[in-house]
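These notebook entries record what I looked up in the structure shown below.

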Amino acid sequence: MNEKPDWNGRRLRLEIGPVAHGGHCVARHEGRVVFVRHALPGETVEAEVTEDRGGGFCRADAVRVVEAAEGRVTPPCPLADMSLGTNRCGGCDWQHADPATQRELKASVVAEQLWRLAGIEHPVEVQSLPGGALRWRTRVRLAVDEEGRAGFRAHRSHRVIPADDCPITVEGTVDEVASSSWTPGAEVEVTADGSGELHVTEHLPGGAPARGKRSRGGRKPGKTRKVRGSGVAHETAAGREWAIAAHGFWQVHRQAAERFAEVVDSMVEVPPGGCAWDLYGGVGLFAAVLGNRVGDTGDVVLVESARTSVRDATANLADMPQVRLREGRVEDVVTDPTMPAPDVVVLDPPRKGAGRNVVDAVASSRPRRVVYVACDPAALARDLELFQREGYRLARLEAFDAFPMTHHVECIALLEVAD
């Protein structure tokens, strides 16, 4: 009986192959697949194996470049420097690639996922958003180590890498909280809103009292401590002012909400007086776009399960009586026979995608158009394959580098009823 291989800690010289979904590239060594971070296609690197469970593949980090590919640059963040070996921050995947190369890699991933999971061959160009590849992130959550220092976790690990700053976050966020001492094991959530206000909340570990306070009457897990800010973030997008929970859902890139609203508006083509569904509607960004389209005589049904988001959407869209809110799980609400037949459906599901039940319900309502906003290309491809079975085709795809330096990419897909 053959023993399972264990390459943990082993150094391998590898010829790097194509990019794969997840922020790594594929290499092969002695008949096994090696998923390599901090490498680029076409490079020769020395990599250290960081995870090997004995199957047909293992994971590794490039620790020395033997032959560099075009597009490799010095990482702008010291916590991504190759001299740290495998002890690097796990938040970014592509700091060693210039922005144009990053977008090319992401385009390859989206195209590959569409073809492999949905059988769709479609050209993909990942577009940049205004502002460049640094200082774009307005919302961030940090971990706290045993010494009370805030930082980020290493890749696929609970180990905390202390950070003095983070170059992808806007100035005055990570650098503002890094000098403070926090409760060991806590998490620190930071939001810099559109008005310039900073909101900071410490999420305490289960059973831990806030630093400098005594616990009385037992310990309750999940407590939070507001450190700074009003708790209400103010943003501007789609021609409207928004007041939302400071750490609730909003696009983390400064320019993303406005740009995504523009693209959705260009795709929906719902007529005045028409009906639209906004599924996973959050605080109502796309519902506002749809409300403008259908006008006072139209009907927009916003479906959202998070109570805080429903509360914020209700307040922010109070001047749009054509928008009705349904609080509940999307898969439950869309099968309600009282739901009106839509001309168009917009859906912005979580990273796992919408899934078969939601896709079947949307398709059975037979909207002329479906606009699908996706933060994961694999989930998008899986759901597009389901829509194809129901008679829809991919008519247009816009992809955006809304998360520079990471492997994440945002896609907005337009589906139409196939002829």
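**Entry 1. Helix α7**

I began with helix α7 (residues 356-364), in which V358, V359, A361, V362 and A363 are buried. Buried means under 20% relative accessible area, exposed over 50% and partly exposed in between, with a 1.4 Å probe and protein chains only. Helices (H or I, at least four residues) and strands (E, at least two) are DSSP runs numbered from the N terminus. I noted that the model is predicted, that local features need pLDDT of at least 70 and side-chain atom pairs pLDDT 80 or more, and that totals for chains, interfaces and linings use all residues. Residues are numbered from 1 along each chain as its sequence is written, and side-chain values use heavy atoms, with hydrogens and water left out.

Against which elements do the buried residues of α7 pack? I found β16 (275-279), α6 (330-333), β19 (344-347), β20, α8 and β21, where contact means heavy atoms within 4.5 Å. After α7 comes R366, and its phi is positive, near 55 degrees.

I then turned to P349, which I located in the loop between β19 and α7. Is P349 buried or exposed? P349 counts as buried because its relative accessibility is 4%. Leaving aside residues up to four places away in sequence, P349 touches Y280, A354, Y372 and V373. I also looked up its separation from D376: 27 residues in sequence, and 9.8 Å in space from C-alpha to C-alpha.

**Entry 2. The second largest cavity**

On a 1 Å grid over the protein atoms alone, a cavity is a set of points where a 1.4 Å probe fits but cannot get out, a pocket is an open set with protein on both sides within 12 Å along at least five of seven lines, and lining residues have an atom within 4 Å of a point. The elements giving two or more residues to this lining are β20 (369-374) and α8 (377-389). The largest share, 3 residues, comes from β20.

I recorded a volume of about 30 Å³ for the second largest cavity; grid points are joined across faces, edges and corners, and a volume is the space filled by probe spheres set on the points. Its lining divides into 8 nonpolar, 1 polar and 2 charged residues. Here Ala, Val, Leu, Ile, Met, Phe, Trp, Tyr, Cys and Pro count as nonpolar, Asp, Glu, Lys and Arg as charged, and the others, Gly among them, as polar.

**Entry 3. The largest cavity**

How many cavities of 30 Å³ or more are there? The count comes to 2. The largest cavity has a volume of about 50 Å³. I listed its lining as V19, A20, H21, G22, G23, W94, L105, K106, V109 and H407. At least two lining residues each come from β2 (19-20) and α1 (99-118), and α1 gives the most, with 3 residues. By class I noted 5 nonpolar, 4 polar and 1 charged residues in this lining.

**Entry 4. The second largest pocket**

For the second largest pocket I noted a volume of about 250 Å³. Of the 18 residues that line this pocket, T50, D61, T86, H155 and R156 are the closest to its centre. The elements supplying two or more lining residues are β4 (32-37), β5 (44-51) and β6 (57-67). Among these, β6 gives the most, with 3 residues. The lining holds 4 nonpolar, 7 polar and 7 charged residues.

**Entry 5. Aromatic rings**

I found 5 aromatic pairs in the structure. Rings of Phe, Tyr and Trp (its six-membered ring) pair if their centres lie within 6.5 Å; planes under 30 degrees apart count as stacked, over 60 as edge-to-face and the rest as tilted. One of the pairs joins F260 and F400, tilted, at 5.6 Å centre to centre and 50 degrees between the planes. This pair links distant parts of the chain, with F260 in helix α3 (residues 256-268) and F400 in strand β21 (residues 392-401), 140 residues apart. F260 is buried at 0% relative accessibility, and F400 is buried with a relative accessible area of 0%.

Why is the pair of F387 and Y392 edge-to-face? I classed it so because the ring centres are 5.9 Å apart and the planes stand at 80 degrees. F387 counts as buried at 1% relative accessibility, and Y392 at 3%.
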